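Dear colleague,

Please find below the structure that I am handing over to you. My notes on it follow directly after.

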Amino acid sequence: MIKAIALDDEPLALKVIEGFCGRVDFIDLQKTFTKPSEGLKYLRKFPADLVFLDIKMPSISGIEFHKQIPYETMVIFTTAFSEFAVEGFNLNAVDYLLKPFSFERFEKAVNKAKELFDAAHLKSAPSDLHLMIRADYSLMKIMVSEILFIESLDDYIKIHLLGRSPLVTRMTMKSILESLPPTEFIRVHRSFIVPMNKIETIRNKIIQIGENKVPIGSSYESEFFERFKG
């Protein structure tokens, strides 16, 4: 599924996109926003694969908003003004939808996004992703799919692995988190990072991963449960 959000200062335009997304089985429209500031705040916490983005908005243009997105993402611009098309494509937009657009035109745009999404995930499938970690005086390769959870030990971190002994390396939680796929890993405690797909159960703010129990810190609770339920 392609995780998407939509941003437009006109609620009616968002309703159209919401309805069209509901007719496409590979688009998961998670949120819609009429205020750019709220959309940007959401994206900084919850990375999306695709943004439907209006260009002409009162507080900030979609072009400027696009430049502030904190990571690489696909964008389909939507606008009633055709003169913005060239600038939109200069930003490597997936497509440009001129309002009012039909479902057939919308479908063509999202199919382009799916082709790009599938190609990117084929090149960097989770089974192929790996990290090079320096531990025990050696440089070791670990597969991202092997990580059960990561634990902080002051100036070091302990990477717990599936079917292997844990690795301890001198690294910060912030730096290891930045090296991991942002949609697949989340920090749940000042001392713990977990992969979303390894979570088995959650009970009384305790995550169960295999035989391991990982606590959820109070300051991370809200963001974790919002992402987990999503």
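The model is a predicted one. It contains an open sheet of five strands, arranged in the order β10-β9-β8-β12-β11 with antiparallel pairing. The edges are held by β10 (164–170) and β11 (185–189); each has a single partner strand, so one side of each is left without a neighbour in the sheet. From one strand to the next, the twist averages 20°.

Within this sheet, strand β8 (residues 147–153) pairs with strand β12 (residues 192–195) in the antiparallel sense, over two bridges. I150 is found opposite I193 of β12.

Two individual residues may also be of interest to you.

K198 is placed in the loop between β12 and β13 (201–203). Its relative accessibility is 18%, and because buried means under 20%, K198 counts as buried. Although K198 and S145 are 53 residues apart in sequence, their C-alpha atoms are 9.3 Å apart in space. The side chain of K198 reaches the backbone oxygen of S145 at 2.8 Å. Beyond its neighbours within four places in sequence, K198 contacts S145, I147, L148, Q208 and I209.

L97 belongs to strand β5 (residues 95–98). With a relative accessibility of 0%, L97 is counted as buried. Setting aside neighbours within four places in sequence, its contacts are I76, F77, T78, T79, R105, F106 and A109. K45 lies 52 residues from L97 in sequence, and the C-alpha to C-alpha separation of L97 and K45 is 27 Å.

With kind regards

How values were computed:
Residues numbered from 1 in each chain as written. Predicted model: local features only at pLDDT ≥ 70, side-chain atom pairs only at ≥ 80, totals over all residues. Heavy atoms only, no water. Pairing = 2+ DSSP bridges. Helix = DSSP H or I, 4+ residues; strand = E, 2+ residues; numbered from the N terminus. Axes fitted to C-alpha atoms, helices over the stretch in contact; angles between N-to-C directions. Buried < 20%, exposed > 50% of the residue type's maximum accessible area, 1.4 Å probe, protein only. Contact = heavy atoms within 4.5 Å. Polar contact = N/O pair within 3.5 Å; in protein donor to acceptor, adjacent residues only side chain to side chain.
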